[in-house]
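Reader: Can you walk me through this one? Keep it quick.

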Amino acid sequence: MKIELSVNGERKEADVWPGESLLFTLREKLGLPGSKNACEQGECGSCSVLLDEKLVCSCLVLTAQAQGHEIVTVEGIAEDDRLHRVQEAFVQTGAVQCGFCTPGLIVATVDLLAHRPEPSDDEIREALSGNLCRCTGYQKIFDAVRLAARA
Amino acid sequence: MEVFTPRSLAEALRLKAEQPSAVPIEGGTDVMVELNFDRARPEALLNLNEVAELRGWSRDNGLLRLGASLTYTEAMAAPLSEQLPALAEASRTVGSPQIRNRGTLGGNLGTASPAGDALPPLLVEAAEVELSSVRGVRTLALEDFLVGPKRNALEADELITAVLVQPSGARQTFMKVGPRNAMVIAVCSLAVSVDQERCELRAAYGSAGPVTGLVTAPLDEVDSFPERVAEAASPIDDVRGSARYRRHALRVLAERGLQRCLT
Amino acid sequence: MSTPATRRKLELGRVGESVKRVDAVPKVTGEFAYSSDLFAAGMLWGHTLRSPHAHARILSIDISEAVGLAGVHAVLTHDDVPGDKRYGLEFPDQPVLAFDRVRYFGEPVALVAAEHPEQARRAAAAIKVEYEPLELVVDPELAADQPAIHPQHWTQGHGYRDDPRPNVVRDMRIERGDPDARADVSVEGYYELGIQDQAFLGPESGLAVPDGEGGVDIYVATQWLHVDRDQVAPCLNLSREQVRIHLAGVGGAFGGREDLSMQLHAAMLALHTNRPVKMVYNREESFFGHVHRHPGRIWAEHRANRDGKLVCVRMRILLDGGAYASSSTAVTSNAASFAVGPYAIENALIESTCVYTNNPPCGAMRGFGAVQTCFAAEAQMDKLAAELGMDPVELRLRNALASGDELPTGQKITGSMPVEEVIRRAAAIPVPDPEELPRDPIRLPGGAGNTTRGDGVQRGVGFAVGFKNIGYSEGFDDYTAARVRLFADTDGDLVAEIYCAAAEVGQGVTNVILQTARTELELENVMLAPGTTGEVGSAGSASASRMTWMATGAVQAACRAVRDELDRRGGGLASGDEIDLERIYRHPRTGPLEPETGQITTERAHVSFAAAAMRVVVEVDVDLGLTRVVWIGTAQDVGTAVNPQAVYGQIEGGTAQGLGLALMEEIQTRDGLITNASFTDYLIPTALDMPPVVAELVEHPEPEAPFGVKGVGEPPTVVSTAAVMSAMRAATGRELNRVPVKPDDIVFSGS
């Protein structure tokens with residue numbers, strides 16, 4: 001079926017299988033593989049995107065459900081050629097190792113700071129508890145969020 | 001496979017009547033997993049995201065009407081969280097912010113999993129489920145709606161449109177046991193309320209029987225209530241925990257819940 | 001080098017500095033291309049049909065319906081394997097596609113290529129396979145008395161102890177001094193570990209592209225490009241040159257990408273269809289797609305004198321290797337070699353056995369072998385301290401291994417071995433005071449579940465020490481190649497391009513290579529070429545904590561060769577000129593262990609060792625058996641930290657994986673069938689499960705290593721399971737001899 005989506009401020013069209021997830025469509029049909037597929041059941045947060053400014057797992061959104069809504073992916077976070085302060089903080093603090101969880105964490109952190117500009121450590125942990133990271137043990141991710149909040 | 005996206009409740013009910021096998025999808029937190037892992041290939045999906053009548057909540061003469069599309073995030077927010085505090089606590093235990101932003105009460109009821117986190121607090125509050133079809137609207141007590149593990153009383157042409165609750169005002173709490181400190185399916189869960197006005201103790205357990213179960217007792221039977229809760233459950237051994245542990249945990253949770261609601 | 005441009009002070013990037021990852025920017029923007037992100041024009045999707053049985057004979061495979069379905073371009077079975085029908089990391093015991101029989105749940109049986117993954121799934125579902133279930137071998141204690149699941153005894157005749165029993169992968173003994181030596185006190189224990197999964201976040205995936213001349217290019221996330229090639233080529237009936245493996249972005253590895261997954265399958269489909277074929281496992285399939293950490297059963301007895309001096313350790317280790325050998329022989333040996341822990345001991349008897357079963361195949365995972373025995377050995381040390389009435393840290397100090405001491409294998413430690421300092425440093429990190437109540441539930445056991453306000457909560461503090469080998473052992477001819485191409489760019493400035501096939505799996509070896517080259521060449525303008533088998537020799541595996549050491553050695557050697565050549569040419573290069581040299585680095589040679597006694601036959605069986613000590617604070621809700629890890633303090637023997645920020649990252653991440661094994665991670669099976677192949681039921685630590693980690697680096701340069709480096713990835717994982725469990729026992733007063741510890745065990749088990 002033909003679908004029209006608004007992704008990172010651009011109108012996009014795709015021909016999708018009706019049962020397709022937004023994650024698959026973004027990655028395989030629209031050339032936006034930044035959102036990652038790690039579990040496909042909402043347990044890891046690697047596919048996090050903003051759907052009408054709400055943080056969601058794109059693997060759990062049917063592509064057809066996204067029609068007519070605004071989607072922001074990790075590819076739409078940086079402003080022009082400048083990294084977003086959250087991205088910059090992840091680079092600075094060593095919060096990236098294999099990096100597979102990173103796109104989802106970037107989007108989740110941008111969302112967190114939009115709602116809580118100065119989150120407590122507990123708030124950071126709870127807000128990011130749906131984004132699994134297997135490499136870092138989360139310490140440097142917390143550092144990154146705190147750094148971005150101060151920036 | 002086809003996807004229908006009705007723009008009104010009337011259209012949604014008409015579509016459901018025309019194609020009863022269409023699977024309703026709201027937040028997708030259950031349906032999409034089935035699709036992604038090739039466990040279900042329904043003929044049609046009925047996307048309810050665009051049906052405005054299902055969204056939000058309202059209050060009429062003290063009766064709360066929670067739309068089927070109400071998300072856990074919305075259930076956690078004041079002032080609704082003050083009306084239904086155990087539901088708000090239960091919502092906080094659901095998955096992650098991502099899941100709470102998408103997952104809905106209607107979806108939790110539709111899936112009717114014994115582990116559904118919204119079900120125990122709603123059961124404790126004697127909630128009713130509003131079911132609609134082109135034939136009309138009916139309401140069922142939640143206990144009557146939940147008929148078995150992942151089975152409910154929905155007719156093929158019906159949609160869940162709302163949950164109706166008269167908030168008791170009773171002290172209440174919700175607790176969920178999982179082997180990790182976030183993002184777990186309940187090994188078992190319990191909502192507890194102490195209704196001083198009606199002189200009643202109420203508890204509803206999750207993941208400890210084929211359906212979410214309600215246990216009630218007079219207020220003066222506080223001492224024996226935890227044991228009654230544990231005995232009422234019919235847990236099984238599975239990949240998440242043993243029957244023995246679940247029964248034990250329900251007893252502990254009931255004691256703690258009563259303590260929270262009585263002090 | 002004498003050109004002025006290269007003599008100026010380098011701004012950043014030498015060995016020893018915390019340097020930002022070179023791949024961090026593309027990773028935070030989403031531009032970094034992982035193996036699952038690849039695309040090629042005309043690409044098809046590959047899909048694998050897997051066995052629903054743990055052990056069954058294949059009677060027939062009927063693909064006739066599947067081949068006719070829409071969008072399907074190929075359906076392949078074992079009949080279509082062009083070359084060798086079997087492969088394996090160390091022993092060729094694993095079928096490319098199952099023939100005759102399947103030996104584990106999820107074993108690949110057939111392949112499909114189609115235009116959309118949904119078409120591929122439908123076609124796979126249309127393949128009809130007739131199975132006849134066979135007797136299950138699923139209890140490792142019975143396996144050696146059951147019918148062999150492999151007709152050939154693959155691991156025999158490789159210099160291991162001769163054990164003709166069916167299903168024995170390796171059986172070894174280390175016998176030291178008098179194994180019957182008596183002492184004042186003795187403690188015994190039995191310990192068990194479940195199957196841990198690497199649970200890397202990026203499931204197995206890759207793209208195979210036919211080259212139009214019969215060969216194939218495979219872009220894949222792997223740990224060892226060249227050994228992939230060496231396994232793939234014979235099965236495709238191609239020469240090594242016709243199979244080129246290229247490193248695509250790796251979403252974590254932790255040992256789980258050392259064996260082949262989709263490489264051969266995608267290549268078969270690509271060569272058959274003459275189109276690029278992409279394969280991406282989903283999370284469920286990933287649990288079938290790689291080997292796991294060996295589950296183990298360990299019986300231990302520790303004997304010591306009243307003064308705390310260990311006299312004798314006896315241990316019997318049984319590991320379940322699952323259906324195929326993978327690296328089980330090395331795991332068996334590692335478990336035995338480090339069974340005693342980093343303690344000096346004169347008498348020991350360690351027996352270590354690994355068996356084949358129809359359970360999920362096991363192989364390499366971070367800390368392989370040492371994780372299992374450290375858990376048991378450190379529990380024993382706590383038990384011994386209690387029996388002696390001695391402080392557990394003091395007991396460990398009294399027995400701490402040091403340079404010059406001999407291991408139970410007879411190997412004398414010649415390099416750095418600062419166990420005492422590691423213990424003292426970890427023990428000296430101040431432990432935080434208990435927090436006040438009330439608190440938000442997320443700072444209590446049970447976390448977001450809101451299960452306690454403080455009721456039932458008991459605090460415990462635990463301590464553990466662990467160590468393991470750095471690098472490959474027992475005579476393996478291990479080496480890493482690196483190539484440096486130095487040229488003058490159009491401005492006349494010198495530029496170095498490094499070729500090294502070391503797999504960047506997230507650990508940061510790219511930075512290590514660049515830092516080494518910058519330091520050696522005194523040049524800022526250094527690039528690392530993409531990893532491929534086409535341009536440079538083998539780097540060996542990104543495993544066994546070896547990659548930093550080995551890559552550093554190889555890059556250093558190549559840089560020095562280039563520098564010497566540059567000096568020979570007068571110190572400069574004209575625009576367009578270049579120097580291009582490849583060098584191979586080998587660590588000090590190791591030799592095999594004597595098969596009957598486990599004693600060294602040459603100077604050493606292991607290259608080098610690294611230790612870590614850890615203190616852990618937990619709070620346990622003893623009524624519900626739920627846990628919150630409150631705080632972790634650790635000190636680790638790292639040799640020289642090449643990139644300190646990355647070293648801390650390895651320690652924190654490695655600690656989280658050990659914590660996961662202690663508290664929640666287990667692949668569960670029933671009759672060989674995995675019952676929790678999802679992230680819903682295979683749980684790894686979340687942000688609410690990891691406490692703050694205070695880490696200290698103990699830097700004693702390793703004398704025989706380039707820049708004095710050691711590996712840093714594994715020691716935190718080795719020690720953290722043991723340390724968390726020590727704290728759990730302190731909090732609960734219970735024995736807790738099995739990991740992961742379940743709420744059930746805490747509530748119901750005996751003290």
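Author: Ile174(C) stands opposite Ile350(C), a residue of strand 17 of chain C. Strands here are DSSP runs of E, at least two residues, numbered from the N terminus. The model is predicted: local features need pLDDT of at least 70, side-chain atom pairs count only at pLDDT 80 or more, and totals for chains, interfaces and linings use all residues. Residues are numbered from 1 along each chain as its sequence is written, chains are lettered from A and ligands numbered from 1 in the order written, and side-chain values use heavy atoms, without hydrogens and water.

Reader: How many bridges join strand 9 of chain C to strand 17 of chain C?

Author: 8, and the two strands run antiparallel. Pairing takes at least two DSSP bridges.

Reader: How many residues of strand 9 are buried?

Author: 8 of its 9, over residues 168-176 of chain C. Buried means under 20% relative accessible area, with a 1.4 Å probe and protein chains only.

Reader: Switching to chain A. What are its domains?

Author: Domain 1 is 2-76 and domain 2 is 85-150. The bounds come from an automatic or database domain assignment.

Reader: What area is buried between them?

Author: About 1000 Å², with 65% from carbon and sulfur atoms. That is the accessible area (1.4 Å probe) the two parts lose on being put together, summed over both.

Reader: Which residues of domain 1 lose the most?

Author: Lys36(A), Leu55(A) and Val74(A), together 40% of what the domain 1 side buries.

Reader: How many salt bridges between the domains?

Author: 0 between domain 1 and domain 2 of chain A. The rule wants a Lys or Arg side-chain nitrogen within 4 Å of an Asp or Glu carboxyl oxygen.

Technical notes:
Buried < 20%, exposed > 50% of the residue type's maximum accessible area, 1.4 Å probe, protein only. Helix = DSSP H or I, 4+ residues; strand = E, 2+ residues; numbered from the N terminus.
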